[in-house]
Amino acid sequence: MTDLPQFSEPVRVTLDDIDRRIIALLHENARIPNVDLAREVGVSPSTCLARVRSLRERGVITRYTAEINPAMLGYTLQALISVRIRPGARHLMEQISDELRREPEVAQLFFLGGSEDFLIHVRVRDSEHVRQFVLKNLSANPAVALTETNLVFEHHTAGSAGQRTVL
């Protein structure tokens, strides 16, 4: 029995070209009206709506979000923090992951295979804010063996071009 968190494998679904085009367009603009989406993929609005509902029901589309500019909210610095958990504390990884995901500064949290256990993408006000985040949430935790913080100078989202590669 392993002491690492257990994650279930998602069931792969079959998608046709219309499904793939719908996903790409919704990825680019989740607020596109159904009529416009239907026109873009070449189906009737009722067929398009049924397709989108099916994609949601099958778990392909999991949520719709708004992309927020963190700098406009005063979060002008982003950092990537690598975390290594002590070998004797690996049974706490799921708990640590849950705690980190609740922190408002955490934009993304990656559970890794390799020399590091987690990679945390944080959005903070300034270098003092990232320092306080590391001290409070990582350095003070006896299960954490090592952290390494890297500042992000530029961040680009892959966008739908990356999705098209996957689809």
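User: Where is Arg51 found, and what makes it partly exposed rather than buried or exposed?

Analyst: Arg51 is found in helix α3 of what is a predicted model. Its relative accessible area is 22%, and since buried means under 20% and exposed means over 50%, Arg51 falls in between and is therefore called partly exposed.

User: Why is α1 described as roughly perpendicular to α3?

Analyst: The axes of helix α1 (residues 17–28) and helix α3 (residues 45–57) come within 11 Å and cross at roughly 80 degrees. Angles of 65 to 115 degrees count as roughly perpendicular, so that is the description given to α1 and α3. On the α1 side the contact involves Ile18, Asp19, Ile22, Ile23 and Leu26, which meet Cys48, Arg51, Val52 and Leu55 of α3. Sorted by residue class, the contact of α1 with α3 has seven nonpolar residues, no polar ones and two charged ones.

User: What makes α2 roughly perpendicular to α3, and which residues make the contact?

Analyst: Helix α2 (residues 34–41) packs with α3 at an angle of about 100 degrees, the axes being 8 Å apart. Because this angle also lies in the range 65 to 115 degrees, α2 counts as roughly perpendicular to α3. The contact is made by Asn34, Leu37 and Ala38 of α2 together with Pro45, Cys48, Leu49 and Val52 of α3, and its residues divide into six nonpolar, one polar and no charged.

User: How do you know that the buried residues of α4 line one face of the helix?

Analyst: The buried residues in α4 (residues 93–101) are Met93, Ile96, Ser97 and Leu100. Viewed down the axis of α4, they fall within an arc of 100 degrees, so they line one face of the helix. As background, an α-helix has 3.6 residues a turn, so residues three or four places apart point the same way. The partners of this buried set are β1 (77–85), β2 (106–111), β3 (118–124) and α5 (127–139).

User: What puts the buried residues of α5 on the same side of that helix, and what do they pack against?

Analyst: In α5 the buried residues are His129, Val130, Phe133, Val134, Asn137 and Leu138. They cover an arc of only 135 degrees around the axis, which places them on the same side of α5. These residues pack against β1, α4, β2, β3 and β4 (144–152). At the start of α5, moreover, a side-chain oxygen of Asp126 reaches to within 3.2 Å of the backbone nitrogen of Glu128.

User: Why is Asn137 called buried, and with which residues is it in contact?

Analyst: Asn137 lies in helix α5 and has a relative accessibility of 14%, so it counts as buried, the cut-off being under 20%. Leaving aside neighbours within four places in sequence, Asn137 is in contact with Leu100 and Glu103.

User: What makes Ser82 buried, and what does it touch?

Analyst: Ser82 is found in strand β1. Its relative accessibility is 14%, and because buried means under 20%, Ser82 counts as buried. Not counting residues up to four places away in sequence, Ser82 touches Glu116, Phe118, Leu119, Leu146, Thr147 and Glu148.

User: Why does Gly74 count as partly exposed, and where is it found?

Analyst: Gly74 is found in the loop between α3 and β1. A relative accessibility of 31% lies between the limits of 20% and 50%, and Gly74 is therefore classed as partly exposed. Leaving aside neighbours within four places in sequence, Gly74 is in contact with Val124 and Arg125. The C-alpha atoms of Gly74 and Arg123, which are 49 residues apart along the chain, are separated by 9.5 Å.

User: How many helices and strands does the protein chain have, and in what order do its elements run?

Analyst: The secondary structure comes to six helices and four strands, running α-α-α-β-α-β-β-α-β-α from the N terminus on. Buried residues make up 31% of the 167 residues in the protein chain. Among contacts between residues at least 6 apart in sequence, 68% join residues at least 24 apart.

Note on methods: Residues numbered from 1 in each chain as written. Predicted model: local features only at pLDDT ≥ 70, side-chain atom pairs only at ≥ 80, totals over all residues. Heavy atoms only, no water. Buried < 20%, exposed > 50% of the residue type's maximum accessible area, 1.4 Å probe, protein only. Helix = DSSP H or I, 4+ residues; strand = E, 2+ residues; numbered from the N terminus. Arc of directions from axis to C-beta. Contact = heavy atoms within 4.5 Å. Polar contact = N/O pair within 3.5 Å; in protein donor to acceptor, adjacent residues only side chain to side chain. Axes fitted to C-alpha atoms, helices over the stretch in contact; angles between N-to-C directions. Parallel < 35°, antiparallel > 145°, perpendicular 65-115°, else oblique. Nonpolar A, V, L, I, M, F, W, Y, C, P; charged D, E, K, R; others polar.
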